[in-house]
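Let's walk through this structure together, one piece at a time.

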Amino acid sequence: MSRTIIRSWSTSAAIIVVLTAFLLALLHFDAPAAHAKTAIPVVSTGSYGSGTLGSWQGNNRVISSGAHVRHVVATNGVVLFGDSIAVQDGEALGRLLGQQLGTTFAEYSWSGQPTSAAVDAMASWAHAYGLPKRIVMAVGSNDIFDPPAFAAQVERALRIAGPGRTVYWVNVQVSRTDEPTSVQVADQRNSEWINLQLEQVQAHHANLRIVPWAEFLAARPERMHADLRDGRHTTVPAGQNARNALILQAIRRG
């Protein structure tokens, strides 16, 4: 009788050991996989490595009134279409142009907008108010997410402006320092792609002037840190002053 009881307990103990080992094995293989799914989310870098352009319509903007735009056109001043860099730097550019050239100034700057949206705004102003002889385009940084679409928008802007106006286009330098290294490399590659397209369009349009912001920064490596605060936006006042001075210089040259 005692032997039977001992054998029964031995069998039960063996079953418990097997079940415990099985449960531990499940925990060993399943838990890390589940943890990995939540700890390492998949982030899309888009078709060109820089990610995708998010919603920008709710972002900060600086848009001159219709009455002021009409005044600038009537006095043959300068109009600017820009993105977030121009939202920050446009007012200072207007003051600089007024002080140095005695010219009036109006702007349509919207943080996050791609070139297509800026050209849409140019078309709207051309229809509603007309355009002066000098137009500054400070857009392209947000086209790193879809570089192939850029050249067509430059061509569209030049058609709207017409051959009797001069378009001053600031080229781009983007390599966002708050992104992973692979994305920074993609940003740089896509910036160069955009700038190459700008040069190719310029070869066919005598009234297109390129403001060489990217070349200015590349000429001295320390400028990337002194004049850019995040790999894209200008520092204030150093980067802002340098970029606006390049635009002024281009306008002076005609």
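Four bridges join strand 4 (residues 134–138) to strand 5, and the two strands run parallel. To find one point of this pairing in the predicted model, look for Met137, whose bridge partner in strand 5 is Trp169. Between the two strands the chain passes through helix 5 (residues 150–161), and this β-α-β crossover is right-handed.

Strand 5 also pairs with strand 6 (residues 208–211): four bridges join them, and again the strands run parallel. Here Tyr168 stands opposite Arg209 in strand 6. Helix 6 (residues 181–202) belongs to this part too, as strand 5, helix 6 and strand 6 make a right-handed β-α-β unit.

Now look at the side chains of strand 5. Thr166, Tyr168 and Val170 point one way, while Val167 and Trp169 point the other way. Are these residues buried or exposed? All are buried, whichever way they point. Because five of the five residues of strand 5 (residues 166–170) are buried, this strand is largely enclosed by the rest of the structure.

Next, turn to helix 3 (residues 84–101). At its start, a side-chain oxygen of Asp83 reaches to within 3.2 Å of the backbone nitrogen of Ile85. Where is the kink in helix 3 centred? It is centred on Gly90, with a bend of about 50 degrees. Gly90 is also one of the buried residues of this helix, among them Ile85, Asp89, Leu93 and Leu97. What covers the buried residues includes strand 2 (78–82), strand 3 (105–110) and helix 9 (238–253). After helix 3 comes Gly102, with a positive phi near 65 degrees.

Most residues other than glycine have a negative phi, and most peptide bonds are trans. In the loop between helix 2 (66–74) and strand 2 you will find Asn76, a residue other than glycine whose phi is positive, near 55 degrees. The peptide bond leading from Val236 to Pro237 is cis, with omega near 10 degrees.

Technical notes. Residues are numbered from 1 along each chain as its sequence is written. This is a predicted model: local features need pLDDT of at least 70, side-chain atom pairs count only at pLDDT 80 or more; totals for chains, interfaces and linings use all residues. Side-chain values use heavy atoms; hydrogens and water are left out. The bend at a residue is the angle between axes fitted to the seven residues ending there and the seven starting there. Buried means under 20% relative accessible area, exposed over 50%, partly exposed in between (1.4 Å probe, protein chains only). Contact means heavy atoms within 4.5 Å. A polar contact is a pair of N or O atoms within 3.5 Å; within protein, one must be able to donate a hydrogen and the other to accept it, and residues adjacent in sequence count only if both atoms are side-chain atoms. Two strands pair if DSSP finds at least two bridges between them. A crossover is right-handed if, with the strands pointing away from the viewer, the path from the first strand over the helix to the second runs clockwise.
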